[in-house]
Amino acid sequence: GLNGLLLGVDQINAAMGTTGMSSVGTMTAMPDNSSWLSDQACLPLSAAAQAKVYAGSGYRAVRAQVVAKAQQNTVDQAVVSFPSAQEASSFFTTSLQRWQACSNRQFTLAANGNSQVNTVGPVSNTNGTLSATVAPANSFGVCERALTVANNVAVDVTACVGPPGAVISIASQI
């Protein structure tokens, strides 16, 4: 049932205020980018649905999809199921503390011989949705991160180079 929760490409295009984005891949397992990160405290804000962020949380399954427009907009949307709404809520509470640990900090993401300094803005918790900006240095756009929980599902989204608040719109639509 998780696949049905992900937004369609048309919905993503609308939320990002663009056209021409398309699906570039789906995942049923979480990636682990932790070895690429200079500051492990910022792993939860580096990308959606990271394996080490969810490790030990009791989650059962994940479905994720990347929707992108070459060298422009990118959305990584993930839904993660937990055995119960209480366990999903506990994950959210833990995430609030973890996200705040990286608020207003910088981290470097280094992979394949390239490194990128990222500046994290303040973390907010508005109406049960965590959000923050992550601005890559020397980039033409900003990424936004959002995390919320509905029933027993965590909604974990990264949106890059979209209108301000697009990530919150996407998370709430899911």
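In which strand is threonine 158 found?

A: Threonine 158 is part of strand β9, which covers residues 153–160. The model is predicted, so local features need pLDDT of at least 70 and side-chain atom pairs count only at pLDDT 80 or more, while totals for chains, interfaces and linings use all residues. Residues are numbered from 1 along each chain as its sequence is written, and side-chain values use heavy atoms, leaving out hydrogens and water. Strands (E, at least two residues) and helices (H or I, at least four) are DSSP runs numbered from the N terminus.

With a relative accessible area of 10%, threonine 158 is buried (under 20%; exposed is over 50% and partly exposed in between, with a 1.4 Å probe and protein chains only). A polar atom of the threonine 158 side chain lies 3.3 Å from the backbone nitrogen of alanine 48. Neighbours within four places in sequence aside, threonine 158 is in contact (heavy atoms within 4.5 Å) with Ala47, Ala48, Thr74, Val75, Asp76, Cys143, Glu144, Arg145 and Val167.

Two of these partners lead on to spaces in the model: Cys143 is one of the residues closest to the centre of the largest pocket, and Arg145 is one of those closest to the centre of the largest cavity. On a 1 Å grid over the protein atoms alone, a cavity is a set of points where a 1.4 Å probe fits but cannot get out; a pocket is an open set with protein on both sides within 12 Å along at least five of seven lines; lining residues have an atom within 4 Å of a point.

The largest pocket has a volume of about 680 Å³ (the space filled by probe spheres set on grid points, which are joined across faces, edges and corners). It is lined by 31 residues, and Ser46, Leu109, Pro136 and Cys160 join Cys143 as the closest to its centre. Strand β9 is among the elements that give two or more residues to this lining, while β5 has the largest share, four residues. By class, the pocket lining holds 17 nonpolar, twelve polar and two charged residues (nonpolar: Ala, Val, Leu, Ile, Met, Phe, Trp, Tyr, Cys and Pro; charged: Asp, Glu, Lys and Arg; polar: the others, Gly among them).

The largest cavity holds about 60 Å³. Of its 13 lining residues, Pro44, Val53, Trp99, Arg145 and Asp156 are the closest to its centre. Helix α4 (85–100) gives the most to the cavity lining, four residues, and α3 (51–54) and β8 (143–150) each supply at least two. This lining divides into eight nonpolar, two polar and three charged residues.

Arg145 is also touched by leucine 45, as are Trp99, Cys102, Val120, Val123, Ala132 and Val134, not counting residues up to four places away in sequence. Leu45, together with Tyr54 and Leu147, touches the most other members of the largest nonpolar core, which has 28 residues (buried Ala, Val, Leu, Ile, Met, Phe, Trp, Tyr and Cys residues joined through side-chain atoms within 4.5 Å). Strand β9 is one of the elements that give two or more residues to this core, and α4 has the largest share with four. Apart from it lies another core of 20 residues, Met16, Val79, Val155 and Ala166 among them.

Key
A polar contact is a pair of N or O atoms within 3.5 Å; within protein, one must be able to donate a hydrogen and the other to accept it, and residues adjacent in sequence count only if both atoms are side-chain atoms.
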